[in-house]
Amino acid sequence: MKKPYSNTKATLALAKASFRSIMRSPSAVVFTLAFPLIFILVFGFLGGGGVKVDLAIAPGSDVQNPIIGALEKIAVVRLVKDQNAAEVKTNLEKGHLDAVISVQKNPAGLPAFIADVKYTSASMDKGNILKSILNNLLYSLNTQNVKPTVAQIKESTVTGRIYRTIDFILPGQLGFSLLSTGVFGTAFVFFSLRQTLVIKRFFATPVKRSSIVIGEGLARIGFALIGALFIILVGHFFFHFTLIHGTITVLNMLVLAAIGVIVFMGFGFVVSGLAKSESTIPPISNIITLPQFLLSGTFFSINAFPSWLQPISRALPLTYLNDAMRKVAFEGAGLWDVKHQILIMLIWGLGIYAVAVKVFKWE
Amino acid sequence: MDKRNAIISVKDLVKTYDDFTAVQGISFEVYEHEIFGLLGPNGAGKTTTLEIIETLREKTSGEITVNGLSVDKDAGQIKQIIGVQLQAAGYYPSLNLVELMELFSGLYGVDIKPMEMLEKVNLQDKAKAKYKALSGGQKQRFSIATTLINSPKIIFLDEPTTGLDPQARRNLWDLITEIRNGGTTVVITTHYMDEAEQLCDRVAFVEHGKVIALDSPDNLIDNLVSSGFERKKEVKKANLEDVFIHLTGQQWREG
């Protein structure tokens, strides 16, 4: 009679409808684009400074001397000159200042100056940095025109790629964006389609269940990849995010993003099946996303975590996505080089979809 | 109309849930090109019966054929020749009516012009509106438009006029009659007996999961009258709804 029914056509019609709907949903756009971009902005402007030691010059200190002169040239040291004795004291106690220095001419002659340095227990680590800076500084001041008797240090620096904060933060934010689109987006959409009987109406048409899932999935992956591309490009052009092999690196990142969002959508399917009402979706989703957000190296390197926490971090899928993203973007690794990370994500995917098939509800 | 072919045949349909029996042995036939009404109180099993015929629900036992196709084996084919309006169904969020029409044409695998479909139910002015923003009557008309996309042989309407004002209700009756006149068989459920009397060629009364009467509205009324039944109050030539329509105007309004 008529031409045969086309599942592809039905799937694509669904993908198109779903994509339109996602683009018009404020929460999807906020979670996928706005949040990660805000974090990138904040860290993009914060980052790059490195360590700074705040060293106050005590009121009444001599300032026309080679020690202060040399300290002014050291980038790590920020000299604070405009605080009175009382302010210096309280700021030292609070750790806002890392040390105070007072230099006086020596009335006894030699050495010409006496530098009196006071550290604070509120900031011992920066105090130690300052201590070694001062030792180094005084050594070179004292040994001017003197030949070393034991050994002389010859220093040089290898020119490497500058690893900026953005190179660490952006892949993490990208992973977070994919995680929230995958989990929250999928969970809410399938729950509400089920609840409002949209899916039931679909079932009254010849469409297959697989077409519904695939159509929704295509739309979400498409949306997530557009979001990812946008984040990468903003990072690259505004914050000098490193993309070693240019377009190839971007494409590799997008492949990783697609794998990531597919795995995370599995969590979304599980949540939509478990949730009893609309209001239980955010808490359940947060149980899945928050630990990964905090423990998967989104903001801090996992190596900074206490050793008992690291195995937990290394069990989470987002950890591997972040790891792979950073390797690809900054080290220029190909997809084959991060096969280990991809494999672990795929194992997570298999596991979570096995659970999803069990708990997912159509009506 | 002559003695007609049965396009739907339901035989001894039973549907049991864990703790109760929703349908216990319903049998009836729906003829081609008629408007067939399933009437009965809430919980009588009307919607369950309808959804089993629509292949949305599994039956426990019984035999059902739709246009010669068995609901057990040919669910996919049945779905291609029927149009279904569900009680309180929702539509994809954030899409306008034209976009929803495009979606359904994809789901049914047919090429239609969304605007033409909307014109059929007089919603062309609302093409860019979201489903949520429509009035009750407009929502029902849109739902009916989605049932017509695949030019179905049969459409199922589950309580399409519930909650509508008299004008919107009469407007919908006209639309349904028009669809039937176009050659489509209509199966409808309703709580309103005046509606069934006006609209349906034949009705089946369903109570506690059983068909307790099945005939044309005229015959059913005649039978009751001939059994000696009399209304307590003498029937006037008009009723209050006629007064309402007379006072507020024939055209339906949407607000």
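In which sense do S1(A) and S3(A) pair, and over how many bridges? S1(A) and S3(A) pair in the parallel sense, over three bridges. Here two strands count as paired if DSSP finds at least two bridges between them. The strands themselves (E, at least two residues) and the helices (H or I, at least four) are DSSP runs, numbered from the N terminus.

Before I continue, a word on the source. This is a predicted model, in which local features need pLDDT of at least 70 and side-chain atom pairs count only at pLDDT 80 or more, while totals for chains, interfaces and linings use all residues. Residues are numbered from 1 along each chain as its sequence is written, and chains are lettered from A and ligands numbered from 1 in the order in which they are written.

Let us stay with the sheet in chain A. It is an open sheet of four strands, ordered S2-S1-S3-S4, with mixed pairing. Strand S2 (77–80) and strand S4 (113–119) of chain A stand at the edges with a single partner strand each, so one side of each has no neighbour in the sheet. On average, neighbouring strands of this sheet are turned by 30° against each other, direction ignored. Helix H5 (residues 124–142) of chain A packs on the sheet and touches strand S1 (53–57), S2, S3 and S4 of chain A. The direction of this helix makes about 70° with that of S1(A). Such angles run from 0 to 180 degrees between N-to-C directions, and the axes are lines fitted to C-alpha atoms, for helices over the stretch in contact. Contact between two residues requires that their C-beta atoms, placed from the backbone, lie within 7 Å.

Individual pairs can be located in the structure above. Ala56(A) has Val100(A) in S3(A) as its bridge partner. Strand S3 (residues 99–105) of chain A is also joined to S4(A), by seven bridges, and these two strands run antiparallel. There, Gln104(A) is partnered by Ile114(A), and Lys105(A) stands opposite Phe113(A).

Further along chain A, Thr159(A) lies in the loop between H5 and helix H6 (165–195). Is Thr159(A) buried or exposed? Thr159(A) is exposed, because 5 other C-beta atoms lie within 10 Å. The cut-offs are 20 or more other C-beta atoms within 10 Å for buried and 12 or fewer for exposed, with partly exposed in between; the C-beta atoms are placed from the backbone. Thr159(A) and Thr205(A) are 46 residues apart in sequence and 64 Å apart in space, C-alpha to C-alpha.

Next, the helices of chain A. The axes of helix H9 (residues 247–274) and helix H12 (residues 317–330) of chain A come within 9 Å and cross at roughly 175°. H9(A) and H12(A) are therefore roughly antiparallel to each other. That word applies to angles over 145 degrees; under 35 is roughly parallel, 65 to 115 roughly perpendicular, and the rest oblique. Among the residues that meet here are Leu256(A) and Gly260(A) in H9(A), and Leu321(A) and Ala324(A) in H12(A).

An unreviewed UniProt entry annotates "transmembrane region" over several spans of chain A, including 218–239 and 287–309. UniProt positions follow the numbering used here, feature names are shortened, and annotations may be inferred rather than shown by experiment. Residues 218–239 of chain A are 100% helix and 0% strand, with end C-alpha atoms 30 Å apart. Residues 287–309 of chain A are 39% helix and 0% strand, with end C-alpha atoms 17 Å apart.

How many residues of chain A are in contact with chain B? There are 24 residues of chain A in contact with 23 residues of chain B. Helix H1 (7–23) and helix H7 (198–203) of chain A each supply at least two residues to that side of chain A. H1(A) gives the most, with eight residues.

Finally, chain B. The annotation "domain: ABC transporter", from an unreviewed UniProt entry, covers residues 8–233 of chain B. This span is 35% helix and 27% strand. Chain B has an open sheet of four strands in the order S2-S1-S4-S5, with antiparallel pairing. Its edge strands are strand S2 (21–31) and strand S5 (69–70) of chain B, each pairing on one side only. Helix H5 (residues 136–147) of chain B is largely enclosed by the rest of the structure, because 11 of its 12 residues are buried. The elements covering the buried residues of H5(B) include helix H3 (97–108) and strand S7 (154–158) of chain B.
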